[in-house]
Amino acid sequence: MSAGWFRRRFLPGGPLPEPQPAGPRSSPVPYHRPRFLRGSGSSPGAPDASRRPDSRPVRSPARGRTLPWNAGYAEIINAEKSEFNEDQAACGKLCIRRCEFGIEEDQEWLTVCPEEFLTGHYWALFDGHGGPAAAILAANTLHSCLRRQLEAVVEGMMASQPPMHLSGRCVCSSDPQFVEEKGIRAEDLVIGALESAFQECDDVIGRELEASGQVGGCTALVAVSLQGKLYVANAGDSRAILVRRDEIRVLSSEFTPETERQRIQQLAFIYPELLADEFTRLEFPRRLKGDDVGQKVLFRDHHMNGWSYKQVEKSDLKYPLIHGQGRQARLLGTLAVSRGLGDHQLTVLDTNIQLKPFLLAIPQVTVLDVDQLALQEDVVVMATDGLWDVLSNEQVAQLVRSFLTRNREDPHRFSELAKMLIHSTQGKDGAAGEGQVSYDDISVFVIPLHNQGQGSCGH
């Protein structure tokens, strides 16, 4: 969609678009920046993009605006990709109410006490593609989906072992033994709630975008603190790491073309029409050439983790769906929309197959037992891929340790640290190396684990 159309549709106070019967329907959500940035001194509609990286303002919450656990946040818009920041962020307190099984004949769930029963905190980053609409919807929706899913299982979470029946019925006397044999713990209910919340939010985004005639999608990286544990759920190519004095722990698994290879190849196997006779689902170590025809070369298909050899045919010379490896890998075919891969998506062409390019329905979840850590000034750094495309885990950890050592007395040091990390990708501080400048949107949360329970923030 063009920047002009997006400005007319999304920016408040702009001129109304001319009536166009065949044009797109109204947007499902207005463009805005995260609510906790209000008062930061930047206009939400200001065009921040510039081809000079040093002229792009880094935005963070106004001093005095406290986020959960006194977390820091900063963001910067891209310089060339579009006029609008496709990243979104959300944070706040999760107030989970206790539910009990109803006594009515239809056995409905009833909320019997409106006060808080269990509280937690929530931080989330969303990286949109094809425009910011899906990311804005996710930022407005996912926390509510998560609260509902947690309320449905909170009784089981509070038990010493999740019961087979939340209703209290005893159908089989061996139920506790079966649950124990399966190794089901309270944290598994939280993981299930996160997975269900992603699926519910995915459905909401799909309906809203379809109803308004919009396209696009987003990645999601979410951290949730509950009962002394930090749950990090990721669907996409953002990343979270724990930085300690002498240790780095990677807290999220990134979805890249390389990690999604088998699923995409299998989809191409089931629906070969999606390849439009222009691409091959097979993976080769390199793009094949005409001279390879008739030769036996290394390859792998959707059912393979290992490799084998095949005799090259002319059809194998088509463009591959997957090319390259690691963060430099790319999905080259029409299947590349594939839900949640961030900047690696392309557009699905001429197909009626519903691939739902919004959130990935099944996130990867990592559990960090915070209560078991001997906390000092340990921090979790969550950031969208614009940061990680330029800085490694080790570079980020080095910057974090050095900054916190020098700024122990600054009450705003975590937001200042988030801003410094972004500046380090703009060719200013040299941490990214000469010529290493990120022109992508970047959003960063810095969450200090030793500040548990401090700060508050509305969604």
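**View 1. Leucine 242 and valine 380 in the pairing of β6 with β15.** In this predicted model, leucine 242 stands opposite valine 380, a residue of β15. The strands β6 and β15 pair in the antiparallel sense, and 5 bridges connect them. Both strands belong to an open sheet of 5 strands, in which the order is β1-β16-β15-β6-β7 and the pairing is antiparallel. The edge strands of this sheet are β1 (72–76) and β7, each of which pairs on one side only. If direction is ignored, neighbouring strands of the sheet are turned by 15° against each other on average. As a general rule, the strands of a sheet pair through backbone hydrogen bonds, and they do so in either a parallel or an antiparallel way.

**View 2. Helices α8 and α9 against the sheet.** Helix α8 lies across β6, β7 and β15, and its direction runs at about 45° to β6. Helix α9 also packs on the sheet, where it touches β1, β15 and β16 (442–448), and its direction makes about 30° with that of β1.

View 3. Which residues of α8 are buried? They are Asn393, Val396, Ala397, Leu399, Val400, Phe403 and Leu404. These residues cover an arc of only 165° around the axis, and therefore they lie on the same side of α8. The face turned away from this buried side carries the exposed residues Glu394, Gln398 and Arg406. The cover over the buried residues of α8 includes β6 (239–243), β7 (248–250) and β15 (379–383), together with the helices α7 (385–388) and α9 (413–423).

View 4. Strand β4 (residues 217–226) runs antiparallel to β5 and is joined to it by 7 bridges, and alanine 220 stands opposite alanine 235 of β5. The hairpin of β4 and β5 has 2 residues between the strands, and in this hairpin glutamine 227 takes a positive phi near 50°. Strand β14 (residues 364–369) is likewise antiparallel to β5, with 6 bridges between them, and valine 365 in β14 is the bridge partner of alanine 233.

**View 5. The largest nonpolar core and a second one.** The largest nonpolar core has 41 residues, and those that touch the most other members are Tyr122, Phe126, Leu150, Val224 and Leu226. At least two residues of this core come from each of β2 (87–101), β3 (109–129), α2 (133–151), α3 (154–158), α5 (186–212), β4 and β5, while the largest share, 11 residues, is that of α2. When residues up to four places away in sequence are not counted, valine 224 touches Leu94, His121, Tyr122, Leu146, Leu194, Lys229, Leu230 and Tyr231. A second, separate core has 27 residues, among them Val243, Val390, Ala418 and Ile442. In soluble globular proteins, nonpolar side chains tend to be buried together.

**View 6. The chain around these close-ups.** The chain has 9 helices and 16 strands, and 49% of its 459 residues count as buried. Among contacts in the chain with a separation of 6 or more, 69% are between residues 24 or more positions apart.

Methods
Residues numbered from 1 in each chain as written. Predicted model: local features only at pLDDT ≥ 70, side-chain atom pairs only at ≥ 80, totals over all residues. Heavy atoms only, no water. Buried < 20%, exposed > 50% of the residue type's maximum accessible area, 1.4 Å probe, protein only. Helix = DSSP H or I, 4+ residues; strand = E, 2+ residues; numbered from the N terminus. Arc of directions from axis to C-beta. Contact = heavy atoms within 4.5 Å. Pairing = 2+ DSSP bridges. Axes fitted to C-alpha atoms, helices over the stretch in contact; angles between N-to-C directions. Core = buried A, V, L, I, M, F, W, Y, C linked by side-chain atoms within 4.5 Å.
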